[in-house]
Amino acid sequence: MDNIKQYVQENKERFLNELIELLKIPSVSADSAYAHDVVLTAEAVKASLEKAGCDFVELCETPGYPIVYGEKIIDKNLPTVLVYGHYDVQPPDPMDLWTSPPFEPVIKTTEIHPEGAIFARGACDDKGQMYMHVKAFEYMIQNNCLPCNVKFMIEGEEEVGSKSLGWFVERNQEKLANDVILISDTGMISNQQPSITTGLRGLSYVEVEVTGPNRDLHSGLYGGAVANPINVLTKMIASLHDENNHITIPGFYDKVEELSAAERAEMAKAPFSLEKYKKALDIEDVHGETGYVTNERNSIRPTLDVNGIWGGYTGEGAKTVIASKAFAKISMRLVPNQDWEEITELFKKHFESIAPKSVKVVVKPHHGGQGYVTPIDSVGYRAANKAYTETFGVPAIPVRSGGSIPIVALFEKELKSKTILMGFGLDSDAIHSPNEHFGVFNYLKGIETIPLFYKYFTEMNK
């Protein structure tokens, strides 16, 4: 693998152009209007794996969108790496905040990415990071240096809770058998300091509906006499946190893992500037649970956030109505030991109990998943760290992420193997937001680093 840097540089333009073509397809899994495009993307991923050198590739039908499966088995006595990624993307809304169209990728320089970054929906999450693995695999095939077996499982429903993935994994355990699972759907501290995500938060996602009168009412004739669902909903939501930003749902913290002072001290070694953090977000101050610093609040503590709220008239001008209904979407990020289904039920019971009799409340669970922690003494972790150290010149730092990848816990349960999270994105990449982007440096560095993981993982398993 001595020529990997040379190979990446010689093929840089092609690698970028291929990713740009993939990013042009609007594979928004949450919106049925894009269903055709989601399937087109699956077909494009299938073609890319075939071209890269897989011996067998197929589109596996599921109750939802297809899963792209590919493999290259060189020797059944060698270890097998299972690469997971997803080809679906978040909705691009709000469209007016994009500086360039979300599905017309462009490369622009930024302060953090002087060599350029690809701006498009899915650039970092997860098409860009998933495609690094395809190109890393291509390099190993072209240079006859693939040291072990590899399998790919690329799904199209990650952004809507991986609804069909559990169904697929349960029915294909022998096909998916592996020694380690490799995922790039996370980030790292900076382009100078790599990190490996060792913990993920779980997730419970719900939608709430508050209904008052049987129709929208004139706010002059009925105001003050009939409950306003929007007013009621906002009060109910406000009551979910106390003055210390502690979540008030009874039983919510019963199983929360409390990290020791030593573990918290180890986490604190990761480089972090609060002033730079506030500047990057254009905020005067941070906000969160009393007794914890920012990097703890967004990784090792559970949260509850409103992701959307609506009701009544929101068009131009004025319309004096009391809406019949009000709605909100709410997500709860959970830490290890918190069961997402149990938390969903606790939320439902509590939210319905605090509703006044003047309204009706319905809580609709959407999806969720368990949290996950991976040990830093595993062969997979050590191989990843050695790969990062070689390409970045410094060892990676283990970090816990505030994000959720619910399928990681599912993989361990069903496939009995550990997951290594080798992310190359940055916090500033605006995933799930307008102007999502992925640095050219990060994309190419991922292609350069991933083959080294295969090399060291195979060597360490001899």
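In this predicted model, Y454 touches V81, V83, M140, L146, P147, C148, V150 and L182, not counting residues up to four places away in sequence; contact here means heavy atoms within 4.5 Å. Y454 is also one of the residues with the most contacts inside the largest nonpolar core, together with V81, Y87, F424, Y443 and F453. This core has 65 residues, and helix α14 (residues 440–460) gives the most to it, with 10 residues. A nonpolar core is a set of buried Ala, Val, Leu, Ile, Met, Phe, Trp, Tyr and Cys residues joined through side-chain atoms within 4.5 Å. Buried means under 20% relative accessible area, exposed over 50%, and partly exposed in between, with a 1.4 Å probe and protein chains only. A second, separate core of 28 residues includes V208, A227, V232 and V359. Helices (H or I, at least four residues) and strands (E, at least two) are DSSP runs, numbered from the N terminus.

Residues are numbered from 1 along each chain as its sequence is written, and side-chain values use heavy atoms, with hydrogens and water left out. As the model is predicted, local features need pLDDT of at least 70 and side-chain atom pairs count only at pLDDT 80 or more, whereas totals for chains, interfaces and linings use all residues.

The chain is divided into domain 1 (3–200 + 371–461) and domain 2 (202–256 + 302–369), with bounds from an automatic or database domain assignment. The C-alpha centres of domain 1 and domain 2 lie 35 Å apart. Across the boundary, 10 residues of domain 1 are in contact with 7 residues of domain 2.

Both domains contribute to the second largest pocket, whose lining draws at least three residues from each of domain 1 and domain 2. On a 1 Å grid over the protein atoms alone, a pocket is an open set of points with protein on both sides within 12 Å along at least five of seven lines, a cavity is a set of points where a 1.4 Å probe fits but cannot get out, and lining residues have an atom within 4 Å of a point. Grid points are joined across faces, edges and corners, and a volume is the space filled by probe spheres set on the points. The second largest pocket has a volume of about 440 Å³. Its lining consists of 19 residues, of which W340, G368, G369, P406 and L410 lie nearest the centre of the pocket. Two or more lining residues come from each of α5 (165–171), α11 (340–353), β14 (360–369) and α13 (407–415), and α13 gives the most, with 5 residues. By class, the lining of this pocket has 7 nonpolar, 7 polar and 5 charged residues. Ala, Val, Leu, Ile, Met, Phe, Trp, Tyr, Cys and Pro count as nonpolar, Asp, Glu, Lys and Arg as charged, and the others, Gly among them, as polar.

The largest cavity has a volume of about 40 Å³ and is lined by G251, F252, D254, K255, N337, Q338, D339, E342 and I343. This lining divides into 2 nonpolar, 3 polar and 4 charged residues.

I407 lies in helix α13 and counts as buried at 4% relative accessibility. Beyond four places in sequence, I407 touches Y84, E155, S162, L165 and I183. The C-alpha atoms of I407 and R171 are separated by 15 Å, although these residues are 236 residues apart along the chain. S164 is found in the loop between β6 (149–155) and α5; S164 is buried, with a relative accessible area of 5%, and touches T62, P63, G64 and E157, with residues up to four places away not counted. S331, in strand β13 (residues 325–334), counts as buried at 7% relative accessibility. Leaving aside neighbours within four places in sequence, S331 is in contact with L203, S204, Y205, T303, L304, D305 and N307.

Most residues other than glycine have a negative phi, and most peptide bonds are trans. The peptide bond from D93 to P94 is cis, with omega near -5°, and P94 lies in the loop between β3 (80–86) and β4 (106–108). The bond from D125 to D126 is also cis, with omega near 0°. N144, not a glycine, has a positive phi of about 55°; N144 is exposed, with a relative accessible area of 73%. A430, likewise not a glycine, has a positive phi of about 60° and counts as partly exposed at 21% relative accessibility.
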